[in-house]
Amino acid sequence: MSTTDAPIPARTVRRAVVTGGAGFLGSHLCTELRRREVEVVCLDNFLTGSAANIEHLVGDPGFRLVQCDMTDYVHVPGDVDLVLHFASPASPIDYLKLPIHTLKVGSIGTNHALGLAKDKGARFVLASTSEVYGDPQVHPQPESYWGHVNPVGPRGVYDEAKRYAEALTVAYRAEHGVDTAIVRIFNTFGPRMRPFDGRAIPTFIRQALAGEPLTVAGDGSQTRSVCYVSDLVRGILALADSGHSGPMNIGNPHELSVLRIAEDVLAATGSASSLEFVGRPVDDPQVRRPDTTLAAEVLGWAPEVAWEEGLRRTVEWFRTALEASAAPAAH
Ligand code: NAD
């Protein structure tokens, strides 16, 4: 084990900063941290997140929202024990629309978040991604796999931003002794995903509930391993508490074909929609499955929410959210 990998003893977290805290994952992290009575400062510019995701926390004296852009210098007054850096466009539809911003928040934004952790003597956790493995040639993917990424393909802006962010995180640990960790997050689903974010599960649910055909990319044989959001949040906070540097995969190894996901969405929604097979996006990975041995060994972590149960909860949330957005506004 090199010095940069040496675990640093866990510390008590009283106050945490969550960048991207108004997004899908960030808002679930803020909620869980508040449940654990950790004070939370949420930094977000609402580029792809929304006030609705954190409205249940507004007014809570232990929660503070600061609207700011991580590509600008950020100052957070007071002590901070933990920085969770989640700010970044994350769905392909967003980062293909915002390629330069995605690279900037992954590089300059990560530099600012690391600088904040350094100033405060806080632990730092980078939200990295299974996309650092690209279209993998090793299956399932252990953390030791270096990946198969096309830097000049359309997805390169996201994949390379995250690979750079990982390298910068390791450099801050080596050069400045910042207590860092890297979590490689695999596909996650659950309430608060946006119906039009372009990812397969929310797209299928929205289409199924609207009685529209479900648009399956290619023949649907490509696989995804999808983790329910509460399992992911538990894993991330266990890594934050552990003192381990990572990189560590957190994701559900239960692998499903995209066709099976579409069929299960039809069953879970009771929809009579048809399936429509459409073209595959460029550089779309054929397979994806985390090797979670490290998370099991170090954190004792394993996913607990079965796919069918997670899907049921997600469909229920989407049904309510879509009905509320379709309802005429009250006067
Ligand atoms: P999201 O788009 O819902 O959330 C990202 C949040 O970051 C949004 O609230 C957005 O407004 C904010 N943001 C973007 N640029 C910013 C900037 N410059 N300054 C301040 N805030 C900014 O995405 P998500 O799915 O919640 O993903 C969160 C993080 O987790 C991302 O870093 C993503 O790369 C990573 N991740 C997510 C998944 C997944 O399955 N959802 C998988 C792998 C990695």
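Colleague: Which is Phe-46: buried, partly exposed or exposed?

Modeller: This is a predicted model, in which local features need pLDDT of at least 70, side-chain atom pairs count only at pLDDT 80 or more, and totals for chains, interfaces and linings use all residues. Residues are numbered from 1 along each chain as its sequence is written. A residue is buried if 20 or more other C-beta atoms, placed from the backbone, lie within 10 Å of its own, exposed if 12 or fewer do, and partly exposed in between. Phe-46 has 13 other C-beta atoms within 10 Å, so Phe-46 is partly exposed.

Colleague: Where does Phe-46 lie, and what is its phi?

Modeller: Helices (DSSP runs of H or I, at least four residues) and strands (runs of E, at least two) are numbered from the N terminus. On that basis, Phe-46 belongs to the loop between β2 and β3. Its phi is positive in a residue other than glycine, with a value near 60 degrees.

Colleague: Is Arg-192 buried or exposed?

Modeller: Arg-192 is located in the loop between β7 and α5. Like Phe-46, which has a positive phi without being a glycine, Arg-192 has a positive phi, of about 80 degrees, although it is not a glycine. Arg-192 has 23 C-beta neighbours inside 10 Å, so it counts as buried.

Colleague: How many helices and strands does the chain contain, and what percentage of its residues is buried?

Modeller: The chain holds nine helices and 13 strands. Its C-alpha atoms fill a box of roughly 55 × 55 × 40 Å along the principal axes. Of the 331 residues, the buried ones make up 46%.

Colleague: Among contacts between residues at least 6 apart in sequence, what percentage joins residues at least 24 apart?

Modeller: Two residues are in contact if their C-beta atoms, placed from the backbone, lie within 7 Å. When the contacts in the chain between residues at least 6 apart in sequence are taken, the share that joins residues at least 24 apart is 80%.

Colleague: Which residue of β3 is the bridge partner of Cys-42?

Modeller: Strand β2 covers residues 39-44. It pairs with β3 in the parallel sense, over five bridges. Within β3, the bridge partner of Cys-42 is Leu-65.

Colleague: How many residues of α5 are buried, and which elements are included in what covers them?

Modeller: Helix α5 (residues 200-210) is mostly covered, with nine of its 11 residues buried. These run from Ala-200 through Ile-201, Pro-202, Thr-203, Phe-204, Ile-205, Arg-206 and Gln-207 to Ala-208. After α5 comes Gly-211, whose phi is positive, near 75 degrees. What covers the buried residues includes β7 (188-189), β8 (214-217), β9 (223-225), α7 (258-269) and α9 (307-326).

Colleague: Which element gives the largest share of the shell around the ligand?

Modeller: A residue is near a molecule if its C-beta atom, placed from the backbone, lies within 6 Å of it. The ligand is surrounded by 29 residues, the closest being Gly-20, Gly-23, Thr-48, Gly-49 and Ala-90. Two or more residues of the shell come from each of α1 (24-35), β2, α3 (99-120) and β5. The largest share, three residues, comes from α1.

Colleague: In which loops are Pro-140 and Pro-247 found?

Modeller: The peptide bond from His-139 to Pro-140 is cis, with omega near -10 degrees. The bond from Gly-246 to Pro-247 is cis, with omega near 0 degrees. Pro-140 sits in the loop between β5 and α4. For Pro-247, the loop is the one between α6 (229-242) and β11.

Colleague: Which residues does Leu-275 touch, leaving aside those up to four places away in sequence?

Modeller: Leu-275 is part of strand β13 (residues 275-278). It has 15 other C-beta atoms within 10 Å and is partly exposed. His-254, 21 residues away in sequence, is 23 Å from Leu-275 in space, C-alpha to C-alpha. With residues up to four places away in sequence left out, Leu-275 touches Pro-213, Leu-214, Val-216 and Ala-262.

Notes
Pairing = 2+ DSSP bridges.
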